[in-house]
Structure formats: C-alpha cells, structure tokens
Amino acid sequence: MSLIETFTDFILNKKSLKDYVEIRKTIHERGEFNDAKLIQAEENLQRLLREEPDIYAGMYETLAKVYARNTGLTVEYPIDFVRQILKMYKNSLTPRQVYEEYQRILEHYHHDV
C-alpha cells in the first residue's frame, strides 16, 4: 500500500494515528503531516470521543458523505479531515465550531475538471 492509501485506511477505519506514525516509518514516501501533528490529531480525536461523542460521530459521518459524493480529489479528503481535527482545542475554536465549519466547507467542495 502507498502512504496515502495507508493513511486513508487509518482515517476511514478510525485506527490510531499513533500506530500510523510507526507504520509509515516503513514506507519511504513523504506525508502531509509530521509525527507531532499526527499524534496531536489522535489526542484530539480521543478527547473528542470522550467529551463530545456526537461531534466525533458527526465528523466521521461528514467524511463518509464527502466520499459518497466523490466531488474532488479523494486523496485530499482524509487530509482535510485531519486538518479540521487539528483545529479543535486550539485557540478559541470549540469542537462544535470546527464541526460546523467542516460541514460548510464540504458543501462547497471543488470538482475535478
């Protein structure tokens, strides 16, 4: 599997990004995120699951809808998801605000032409 295929598998199947950090060391390709950002994303996901399971579920439901619509570069979907997760618990943004923003962004997703 390529790095992006492995990353996508981990995101879609809710696997630990900490485990992904270890696995990707065996794949000689460059990824979008460094180890620290991936570990932070995993910590944010676990906190979200504990504190706001409805938003956790909603983030993954939104991601599934994006894949079902298939209106852009599919390799970007899991990357965008992690970018949104990294915004949570940072500065003054609440997880709900990030979730609502994520939903809006996906409604206006670009098309490949």
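First, the ground rules. The model is predicted, so to speak of local features we need pLDDT of at least 70, and side-chain atom pairs count only at pLDDT 80 or more, while totals for chains, interfaces and linings use all residues. Residues are numbered from 1 along each chain as its sequence is written, and side-chain values use heavy atoms, with hydrogens and water left out.

Confidence next. pLDDT is the predictor's confidence in each residue, on a scale from 0 to 100. The chain averages 90, and 93% of the residues score at least 70. Helix H3, residues 35-51, has the highest confidence, at 97. Helix H6, residues 95-107, has the lowest, at a mean of 88. Helices here are DSSP runs of H or I with at least four residues, numbered from the N terminus.

Now the helix pair. How do H1 and H5 pack? H1 spans residues 3-12 and H5 spans residues 76-87; their angle is about 55 degrees and their axes are 9 Å apart. Axes are lines fitted to C-alpha atoms, for helices over the stretch in contact, and angles run from 0 to 180 degrees between N-to-C directions. Under 35 degrees counts as roughly parallel, over 145 as roughly antiparallel, 65 to 115 as roughly perpendicular, and the rest as oblique. H1 and H5 are therefore oblique to each other. Their crossing is left-handed, meaning that the near helix is turned anticlockwise from the far one by less than a right angle.

Which residues meet? From H1, they are Ile4, Phe7, Thr8 and Ile11; from H5, Pro78, Ile79, Phe81 and Val82. The residues of this contact divide into 7 nonpolar, 1 polar and no charged. Contact means heavy atoms within 4.5 Å. Nonpolar covers Ala, Val, Leu, Ile, Met, Phe, Trp, Tyr, Cys and Pro; charged covers Asp, Glu, Lys and Arg; the others, Gly among them, are polar.

Also in H5 is Asp80. Buried or exposed? Asp80 is buried, with a relative accessible area of 16%. The cut-offs are under 20% for buried, over 50% for exposed, and partly exposed in between, using a 1.4 Å probe and protein chains only. Asp80 and Arg50 are 30 residues apart in sequence and 22 Å apart in space, C-alpha to C-alpha.

Last, the loop between H5 and H6, which holds Tyr89 and Asn91. Tyr89 is not a glycine, yet its phi is positive, about 65 degrees. Tyr89 is partly exposed, at 23% relative accessible area. Asn91 also has a positive phi, near 55 degrees, and is exposed, at 76%.

Definitions and conventions:
Helix = DSSP H or I, 4+ residues; strand = E, 2+ residues; numbered from the N terminus.
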